[in-house]
Amino acid sequence: MPTTTRQRIESVSLPLLQRLNRLPRAVPFLVVLALMVGGIALPGLGWLLLVPVVLFLAWTLYLGWPALDGGARAGRATVVVMALAITVIQAVPRT
């Protein structure tokens, strides 16, 4: 029985991770890429395409954190922060 928050999240995430693992490696990458390009290219509500990307990247960072070394943690955290910044920039109207 999971006791910590991390264990509960890992337990709930396992079925989805198993499904993702059965996909060809390129599929998740291409989906994230398509959502990012669409979210950046579409004016107005394009930022809504970026939100699931940020959540997915943050989720995978959280799950992988214990297995990563300092450099990998910094690199992946930077990607999450950059994706979040792009989302905020797209969501906030320019005056």
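This is a predicted model: local features need pLDDT of at least 70, side-chain atom pairs count only at pLDDT 80 or more; totals for chains, interfaces and linings use all residues.
Helices here are DSSP runs of H or I with at least four residues, numbered from the N terminus.

How confident is the predictor? The chain averages a pLDDT of 94, and 97% of the residues score at least 70. Among the helices, confidence is lowest in α1 (residues 5–22), at a mean of 95, and highest in α3, at 97.

Now step back and take in the whole chain. Its C-alpha trace spans about 50 × 30 × 25 Å along the principal axes. Of the 95 residues, 20% count as buried. Look at contacts with a separation of 6 or more, and 55% of them come from residues 24 or more positions apart. The accessible surface comes to about 6800 Å², and 73% of that belongs to carbon and sulfur atoms.

One spot on that surface is worth a visit. Phe-29, Leu-30, Leu-33 and Val-37 make a nonpolar patch of about 390 Å². Val-37 sits in helix α2, which covers residues 26–41. Is Val-37 buried, exposed or partly exposed? Its relative accessible area is 48%, so Val-37 counts as partly exposed, because that label lies between the 20% limit for buried and the 50% limit for exposed.

Finally, head to the loop between α3 (47–64) and α4 (70–91), where you'll find Asp-69. Its relative accessible area is 52%, so Asp-69 counts as exposed. The side chain of Asp-69 also reaches the backbone nitrogen of Ala-72, at 2.9 Å.

Technical notes:
Residues are numbered from 1 along each chain as its sequence is written. Side-chain values use heavy atoms; hydrogens and water are left out. Helices (H or I, at least four residues) and strands (E, at least two) are DSSP runs, numbered from the N terminus. Buried means under 20% relative accessible area, exposed over 50%, partly exposed in between (1.4 Å probe, protein chains only). A polar contact is a pair of N or O atoms within 3.5 Å; within protein, one must be able to donate a hydrogen and the other to accept it, and residues adjacent in sequence count only if both atoms are side-chain atoms. Patches are made of residues with over 30% relative accessible area and no salt bridge: like charges are joined within 9 Å, nonpolar side chains (Val, Leu, Ile, Met, Phe, Trp, Tyr) within 5 Å. Accessible areas come from the Shrake-Rupley method with a 1.4 Å probe; for residues, only the protein chains shown count as cover. A salt bridge is a side-chain nitrogen of Lys or Arg within 4 Å of a carboxyl oxygen of Asp or Glu. pLDDT is the predictor's confidence in each residue, from 0 to 100. Contact means heavy atoms within 4.5 Å.
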